[in-house]
Amino acid sequence: MTEVRPQAVPSAALWERDEEVAVITQAVETLCADRSSPGGLLVFRGEAGLGKTALLAETRRIAEHRGCTVWSARGGETLRSVPFNVVRQLLQPALVSMLPEEAREYLGDWYDIAGPALGIADPGERYADPQGVYEGLVAAVRRLARRDWPLVLLVDDAHWADQETLGWLASFAERLADVSVLVVVARRPGEISGAGARHLDAVAADRPVATLGALTPEGAAGLTRATLGEHADAAFCREVWAVTGGNLYETVELLAKVQDAELEPVEAHAGELRDLNRSARGGGLVARLEQLGIDATRFAWAAAILGTDITVALAARLATLDVDDAARCAERLRGARILTVPDPSATGRTAPADLEFVNPLIATDVYKSIPDALRRAMHGIAARIVTDSGRGAAAAARHLLEVHPEDDEELVRQLREAAREHLAVGAPDAARRCLERALEEPPRPEVHAQVLYELGCATFLTAPARTIGQLRAALGMPGLDGDRRVDAVVRLSQALLHNDQPEEAVRTVEAEAARLEPGPAQMRLKTVQFMWEGIHAGETASPGRSERLAELAATCTGRDNSERALLIVRGFDAMMRGENAEEIVEICDRALVNGRLAPGLGWTDSEWGVELLLMLADTYAYTDRLDRAESLYHEALHAYDTAGWSGGHLALAHAYVGLGHRRRGRLEAAEAALRESLRLAERVGRGLPLYWTATCNLVDTLLARGHVDEAWEVAERYGFAPPYPSTIVLPDPRSVRGRLLLAVGRVQEGVNELEAAQKAATARGHHNPVHVFWAADLARALATEDPARAARLAVDVRRQAERFGTDTAIGDALRVAAALETGQRAVRLAAQAVTYLESSPCQYEHAVARVEYGILARSAPDLERGLALARSCGADGLVKRAGEELGAGVGPR
């Protein structure tokens, strides 16, 4: 064996990196200053071989010298398909060292959510929400950081990290101000695309990134002389720099080879440097490997296939060598500086490993040198080894993905099983890759449609457009029958809706329902059809839709979930149309079981989806049954928190909790919930219905608080303007925008917007004056310019309010009428409004009515009571208005 001599200069890999080391030192000092100090993030970016790994090693040395706990991990080019691979490297060592009970105690409620992703808990039966898993992993680090402060996390080769780890890292970077942890990330520019690239870019957003440069000629000369001796002449030093291009890794390797060859560092030998350097990478490395013998080459190939956790025994099995021969090969490869012994203190691996590649560049070159057919065959052997070890299909999946397709039924089964495991830990993209690969095999005809269906389920949240094609293809094949086929049709319609194709969603379920005999399955599809029609904000409603819905619902007693769902849709439709509120509530109550949601109709149940339950809660909210509505909204929030669903579902839950607070009159609480909803919605993507729900309600709430400028700023920042979404948003966004335009003094634009709201609401048959309040605001806006039209509008508002019959609707209508009158008639109408709104659960509207009556009647007691109510609601504008009236003195006119 050739002796690997230590480098002459321990700091060779840090040559010309004084500035970066100073930044690292300062960051560690800041972290160690105080337990309450904010976290920090350093990103080092540079091409391969410029010393990123050396900087992370120096970070470890500095941090450990200051008493820090240091955990580290590294991405791998052949491991990018392994979900949560890098974050497991980081956190597993700390967690597996605990007893299971201790780990559960540390993670608390997040154990069942983050534990499977970390590999310390078995996955559950439900599909895990990726964003919820990210939140759970953030919580895990937060709690571990308190125990292990000061904590430093090192992530090397982040460009090769799996997409799931990068999603967590992006979420964690947002929280660093509140977590006393230093994160140091090293990455190459490029090398990654798609969602992973977006996550990686988000990690460094609004933070300085240190870009590493190559060695200067002077630096290369200094390093050459420090390594080989001061007698190295200028010509030789210049050639070292020219040959390596200043690449730090290649320079260090080249100088080591000069030492091995006992080459005198003078100009006469400068011409030999190019040949020496060529053997370090690419074809030169392959040639050097071949010189070590066929067995050593096969062993190196096996190590490259394994990628990580390389043991002599595993590599021997994969290379079909006996253990003694494999051990000798490992020694030769170590002597050739291709493999090395891992440093236990610098790895986050929990599995035993005998070997690792000296540099990721070498691992890449060795992997690419394996003949294609042989590489695929070795991955197949590796998959069997992993499976035989009992680690499961998900662990073998990265090898299964690389096997050549050959109509293997067992491979399809394993890939489907791996996909299920990936979905259960919150890795839908990994599941997608497995199922797409299964289709290449291809599956047997009788299971082909099943695989397409599973693929559609896997991509539903991340790529609805792709889901549409997959589910359509599945439905066009034999193999999907019964409830599974109905599920596929419903999911296809949901994907079409999320892809802004609501009309196609309706046609899809309508056509399938027509194929079925009467029964629960047909009832389910008809209900979904009515549901999509009900939330589609198209220009007109389907002729006779509400009548057909009412007729069908009249036959329902709520005996099963299909009937209960239809009753909910009927109640929502009746509420939107402004039918009698008491009858609407009676319909909705029939959809409950002992006042609660029926089993199978919960917030995290997948059969019906969140839209149905939001219809139910919203119907209660707008029929003055706010206790029931708020109970459902908070139940949703708790369900999604508990299940770890932190994406669109949780954003919607916060939005509707905010709507509940707004209806109740708790304006400050409403604003807080809606801002949290918007924060979560930003991660999911702008333009979606949930985004509109949060923005619309926040603008409405800020206007109620009297924060007009802030409402306008929110509208401008989040694009709250036409064109409006294709699905229903509550309250009506056109009415809210019209109110906003009037509030900022753009009266004619406001009038135009309210008239557009009138046209859209009339076409859809939406006559509920509480959530589509265009007429009330338009009447006030036209009071001076067109009093006759304003009066007609006020009469119409009151007629619709009395038809609807809630105290809130009638009280608000009386307020409009009072605003258009003068003298004692105005006072009487305002007094009636107070009487109704005093009985309403909507305290903000009651406060407004009190203040308006106090002003009209010159009643200080009513103004004072209105002022107290306004303060309790957080209605700053109303407080100011009432205070000004009281300050001016209130008495007989």
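User: How many cavities of 30 Å³ or more are there?
Analyst: Two. A cavity here is a set of points on a 1 Å grid over the protein atoms alone, where a 1.4 Å probe fits but cannot get out. This is a predicted model, where local features need pLDDT of at least 70, side-chain atom pairs count only at pLDDT 80 or more, and totals for chains, interfaces and linings use all residues. Residues are numbered from 1 along each chain as its sequence is written, and side-chain values use heavy atoms, without hydrogens and water.

User: How much space lies in the largest cavity?
Analyst: About 40 Å³. Volume is the space filled by probe spheres set on the points, with grid points joined across faces, edges and corners.

User: Which residues line the largest cavity?
Analyst: Ser81, Val82, Pro83, Ala394, Ala395, Ala397, Arg398, Leu401 and His422. Lining means an atom within 4 Å of a point.

User: Which helix gives the most there?
Analyst: Helix 19, residues 393–400, with four residues. Helices are DSSP runs (H or I, at least four residues), numbered from the N terminus.

User: And the second largest cavity, what lines that?
Analyst: Trp603, Val610, Leu614, Tyr633, Ala636, Tyr640, His649, Leu652, Ala653 and Tyr656. The space is about 40 Å³.

User: Which helices each supply at least two residues of that lining?
Analyst: Helix 30 (610–622), helix 31 (626–643) and helix 32 (648–664). Helix 32 gives the most, with four residues.

Definitions and conventions: On a 1 Å grid over the protein atoms alone, a cavity is a set of points where a 1.4 Å probe fits but cannot get out, and a pocket is an open set with protein on both sides within 12 Å along at least five of seven lines; lining residues have an atom within 4 Å of a point.
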